[in-house]
Structure formats: structure tokens, C-alpha cells
Amino acid sequence: MSYEYIIVNKEVAPFIGSIQLNRPQELNALNLQLMGEIKKALEEFDADDSIRAVVIHGNERAFAAGADIKQMAGKSAVDMLKIDQFTTWDTIRKIKKPIIAAVSGFALGGGCELAMLCDMIVASETAQFGQPEINIGVMPGAGGTQRLTRAVGKVRAMEMVLTGKFITAEEALAFGLINKIVPTALYLREAIKMAQIVAEKSPIAIQLAKESVLKAFDSGLQEGLHFERKNFYMLFATEDQKEGMNAFVEKRKANFINQ
Ligand code: CO8
């Protein structure tokens with residue numbers, strides 16, 4: 001299977017598969033095709049007995065700087081509903097094998113949400129996490145308000161979601177968002193090492209353990225995600241969404257009018 005926006009590697013270490021997001025010019029902005037490719041590669045790893053754990057990473061500058069704003073900017077609420085991109089996210093959520101995010105540089109918006117969709121997060125010293133959707137007239141749509149709040153607590157999640165503030169790797173570690181920080185030169189190697197520890201265990205036990213942890217974590221989450229999704233779509237009916245995204249594309253400051 002050949003992909004345009006990801007690089008898949010089955011040789012990275014015994015039993016470990018890796019997926020590298022590969023749109024470096026756009027800071028790995030998550031367009032629909034890229035998310036579809038990640039989903040497909042994960043499904044293939046899930047069905048492959050020679051793989052026991054997966055590492056997802058970007059490059060040193062960016063894990064992913066969010067959903068592709070240029071692709072979304074002109075969309076209506078109905079367009080967004082019809083595109084139904086979150087089915088892809090729901091499928092990734094159901095992958096049985098453990099997934100470790102190796103994050104360096106920006107993990108913003110959908111990029112932060114993708115890292116949080118993984119089971120563990122290893123970060124480089126330069127990693128920055130944020131939910132800056134509010135700056136472009138929308139809000140998190142792929143679990144940010146729910147998974148972030150569960151991970152870091154209400155007031156920290158509120159600050160990130162309402163102000164768009166980025167947090168450093170050290171803050172993310174202190175807040176319980178990530179597992180560990182390592183020097184930038186080592187972040188991928190460290191994530192692979194963590195995957196190898198997992199890969200040494202019984203795959204069936206790992207599968208059921210992952211499923212069980214997610215069960216505890218997810219109680220009540222579906223309702224929250226449903227609620228979040230409706231609101232996310234609704235924002236595409238606003239002028240501020242158009243203004244915010246167009247201003248980003250045109251490299252100017254947005255003028256929000258509360259409409
Ligand atoms: N979408 C599209 N293009 C992007 C994105 C993005 N999210 N982020 C960066 N780029 C592009 C820039 O437009 C630029 O392209 P070009 O060279 O053609 O002008 C290139 O990547 C490099 O970016 P910058 O020049 O801006 O780099 P800087 O180092 O100056 O700034 C930042 C880096 C701070 C990360 C800045 O690029 C930025 O603010 N990016 C947008 C961050 C953001 O708002 N993310 C949230 C997006 S909305 C979202 O994620 C909603 C999620 C809900 C659904 C999830 C579905 C996938």
C-alpha cells in the first residue's frame with residue numbers, strides 16, 4: 001500500500017510499526033486524506049500479527065499543527081456534517097494495539113487531539129501542546145474539550161481552550177498530559193523503546209488491558225463528544241469562522257464580530 005502523506009515502516013524495531021506524518025511544509029496539518037491514510041495504516045497494523053505496538057510521529061518541528069485550516073476555511077456546517085471526518089477518528093479510537101505518540105514541536109488543535117487519541121505520549125523538550133481553535137473562530141472538534149479536560153482538569157483545560165495558550169512539554173508533564181520528556185535527538189528512539197517494552201508482553205493481555213483502561217477513561221465520554229461535535233459543526237454557520245480561517249490564510253489579524 002503506498003501513501004502520499006505518511007511514511008509507514010515495519011522495520012523500525014522487532015514487532016513495532018511506525019507511521020510518520022509527512023506534510024512538513026504544512027507542519028503536518030491534518031487534511032482529510034492524511035487522516036484517512038493514518039486510519040488505513042493503523043488498520044493494517046492491527047490485522048498484522050508481526051506488529052504488536054505502533055508509534056506515530058511527525059518531525060522535529062511539528063507533530064501536527066492542527067486540522068488543515070485551508071481545507072476547512074470555506075466549508076459550511078452542512079459540508080462538515082456530510083464529510084463526516086470523525087468516523088475516521090472513531091475508527092482510530094477502536095484500534096486494538098497500543099499506539100504511542102512521539103511528539104516534537106507543535107501538537108496543536110487536531111494535532112494535540114491526535115496525540116491524546118494515542119495511548120501514551122513521549123515528548124521532546126521542544127514539544128508544545130495547545131488547542132488554539134478559538135483564535136480562528138471555532139473550538140476543538142476531535143475530542144479536545146473532553147480528553148484534554150479528563151487529562152489535565154477543568155481549569156487548565158478551560159485556559160487552553162478559551163485562551164488558545166500553548167503549553168510546554170514540562171507543563172504537559174506536570175499536568176499529566178504526557179508520559180515523559182526526553183532530549184529532542186532521542187524522542188523517537190524513546191517512544192520506540194516504550195513500544196518495545198509493551199511488545200514484550202502478551203499481545204492478548206495488552207489488547208484487553210488497553211480496552212479496559214479505555215473503558216474506565218471513556219465513561220460518559222461519548223455523550224461529551226457528541227455534544228462537542230454538534231457545536232463544532234454549528235460554528236461553521238458563523239461569520240467569525242469564515243473570518244478567522246480566512247484571516248489565517250491571508251496572514252492578517254482576524255476581526256471577529258460575534259456573528
Ligand atoms: N492548516 C493549514 N496550514 C497550516 C496549519 C494548519 N493548521 N498550520 C500551519 N500551516 C501552514 C502555514 O499556513 C504555512 O504555510 P505557507 O508556508 O504556505 O504559508 C506553513 O504551514 C508554516 O506555518 P507558519 O509559517 O505559520 O509557521 P510559524 O512557525 O510562523 O507558526 C504555528 C507555526 C504557530 C503552528 C502557526 O502555523 C499556526 O498558528 N498554525 C495554526 C494552528 C492552529 O490554529 N491549529 C488549529 C487548527 S483547527 C483544528 O485543528 C480543528 C480540529 C478539529 C477537527 C480535527 C480534524 C482533523
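Pockets of a predicted model

Q: How does the lining of the second largest pocket divide by class in this predicted model?
A: The lining of the second largest pocket has two polar residues and five charged ones. Its nonpolar residues number 15.

Q: Which element gives the largest share of the lining of the second largest pocket?
A: The second largest pocket is lined by 22 residues, with Cys118, Asp119, Met120, Val213 and Leu214 nearest its centre. Two or more residues come from each of H4, H5, strand S7 (120-124), helix H6 (144-152) and helix H10 (203-218). The largest share, six residues, comes from H10.

Q: How much space lies in the second largest pocket?
A: Domain 1 (6-199) and domain 2 (203-249) each give at least three residues to its lining. The space in the second largest pocket is about 550 Å³.

Q: Which element gives the largest share of the lining of the largest pocket?
A: The largest pocket has 38 lining residues, and Ala65, Ala67, Ile69, Ile136 and Phe248 lie nearest its centre. Elements that give two or more residues to this lining are helix H2 (69-72), helix H4 (86-93), strand S6 (106-108), helix H5 (110-117) and helix H12 (239-249). The largest share is four residues, and the element is H12.

Note on methods: Residues numbered from 1 in each chain as written. Predicted model: local features only at pLDDT ≥ 70, side-chain atom pairs only at ≥ 80, totals over all residues. Heavy atoms only, no water. 1 Å grid on protein atoms, 1.4 Å probe; cavity = no way out; pocket = protein on both sides within 12 Å on 5 of 7 lines; lining within 4 Å. Points joined across faces, edges and corners; volume = space filled by probe spheres on them. Nonpolar A, V, L, I, M, F, W, Y, C, P; charged D, E, K, R; others polar. Domains from an automatic or database assignment.
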